[in-house]
2 protein chains.
Amino acid sequence: MKNIYFTEVQVKSILLLQEKGVAIILLEGPGEKWNLPILAKPSEVFSISLALEGQEPPRPQAHDLIVSIIQRLNAKVLHVLIDILDEPLCHGIIALDIGGRELDFDSRPSDAISLALRVHAPIFVSPDVVAKGAVHLNHEEGSLDLGERTKLRN
Amino acid sequence: MKNIYFTEVQVKSILLLQEKGVAIILLEGPGEKWNLPILAKPSEVFSISLALEGQEPPRPQAHDLIVSIIQRLNAKVLHVLIDILDEPLCHGIIALDIGGRELDFDSRPSDAISLALRVHAPIFVSPDVVAKGAVHLNHEEGSLDLGERTKLRN
């Protein structure tokens, strides 16, 4: 499902906007030219935070369980893709290699990102996602302003 | 990993104790002789609630993703087991059949239960769990009292 128009992004950080009770998954484009914020629920991003911090949770989270199953079944995460499902709602696609064959699985973006981070697989976004969601940030701007400029949703 | 001393339980309900900010996974023993409450975070039981209500979520949750992967990889959930990890903390074990071979995966009890409900696999508890966590409830008692009598944790 991957094609040359997809752009690889990095997970820059997770922002918790306490007063609004929401979280933002902050992705970053190549050369730090733009950021791509995706609105989510705090419970949906907790597992991403653990992976970002490189923390080994005391017991496996759901995404650690997925990694175990994939590995024990001799499959491999090739990459994940974030695309727009029904604006502003995004979805994630997880591409697995199973015996040399690529199989794609639908998921929420947060699940796809959480999984990719754990196995160091690349995260791609579609041109549509960049067009609709990318923002250029000034260092003077706070996270509250980013909240208002976030157009896409997990 | 299953043996004759394990007891099959049903998921009776999920209780949200709003004022305490916690949830209880309420399991039920054979013949409704006892209940087995397990304390959890509301975010950990959301996915169980969806499965109990038979709701098809608008997009796959992490556990629906696990089910998809297991099925597409020609594996099958045989059963899940709840045991005590380090009292009062419990853990879950998910037994998969992969090409006729049984493989066990560690998880949180909530993940194991959520997965079992989705594929209609039996849920077992160890004798230790019954000894430490089972309670007999009177119908006059409220859920708050149950909160106090819950000894085990997700």
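Biologist: How much area do chain A and chain B bury between them, and what makes it buried area?
Modeller: About 2500 Å², with 70% of it on carbon and sulfur atoms. Buried area is the accessible area (1.4 Å probe) that two parts lose on being put together, summed over both. This is a predicted model: local features need pLDDT of at least 70, side-chain atom pairs count only at pLDDT 80 or more, and totals for chains, interfaces and linings use all residues. Residues are numbered from 1 along each chain as its sequence is written, chains are lettered from A and ligands numbered from 1 in the order in which they are written, and side-chain values use heavy atoms, leaving out hydrogens and water.

Biologist: How many salt bridges and polar contacts link chain A and chain B?
Modeller: The salt bridge count is zero. A pair would need a side-chain nitrogen of Lys or Arg within 4 Å of a carboxyl oxygen of Asp or Glu. Eight residue pairs are in polar contact, both residues at pLDDT 80 or more. On the side of chain A that touches chain B, α2 (62–72), β4 (75–86), β5 (89–98), β6 (101–107) and α3 each supply at least two residues. The most come from α2(A), with eight. That side of chain A divides into 17 nonpolar, seven polar and six charged residues.

Biologist: What makes a residue count as nonpolar, charged or polar?
Modeller: Ala, Val, Leu, Ile, Met, Phe, Trp, Tyr, Cys and Pro are nonpolar; Asp, Glu, Lys and Arg are charged; the others, Gly among them, are polar.

Biologist: How do you know that the copies meet through the same surface?
Modeller: 100% of the interface residues of chain A are also interface residues in chain B, so the surface is the same. In all, 30 residues of chain A are in contact (heavy atoms within 4.5 Å) with 30 residues of chain B.

Biologist: What rotation and shift superpose chain A on chain B?
Modeller: A rotation of 180° with 0.0 Å of shift along its axis, at RMSD 0.0 Å. That is the relation of a two-fold axis.

Biologist: Why is B:H63 called buried?
Modeller: Buried means under 20% relative accessible area, with exposed over 50% and partly exposed in between (1.4 Å probe, protein chains only). B:H63 has 6%, so it is buried. B:H63 is found in helix α2 of chain B. Beyond neighbours within four places in sequence, its contacts include A:A62 and B:D111.

Biologist: What makes B:H63 and B:S114 a polar contact?
Modeller: Their side chains pair at 3.3 Å. The rule asks for N or O atoms within 3.5 Å; within protein, one must be able to donate a hydrogen and the other to accept it, and residues adjacent in sequence count only if both atoms are side-chain atoms.

Biologist: Why is A:S126 called buried?
Modeller: Its relative accessibility is 2%, so A:S126 passes as buried. A:S126 lies in the loop between β7 (123–125) and α4 (127–133) of chain A. The side chain of A:S126 makes a polar contact with that of A:D83 (2.7 Å).

Biologist: What makes α3 (residues 109–119) of chain A mostly covered?
Modeller: Nine of its eleven residues are buried, including A:P109, A:I113 and A:R118. Helices (H or I, at least four residues) and strands (E, at least two) are DSSP runs, numbered from the N terminus. Next comes A:H120, with a positive phi near 55°.

How values were computed. Least-squares fit on C-alpha atoms with pLDDT ≥ 70 in both.
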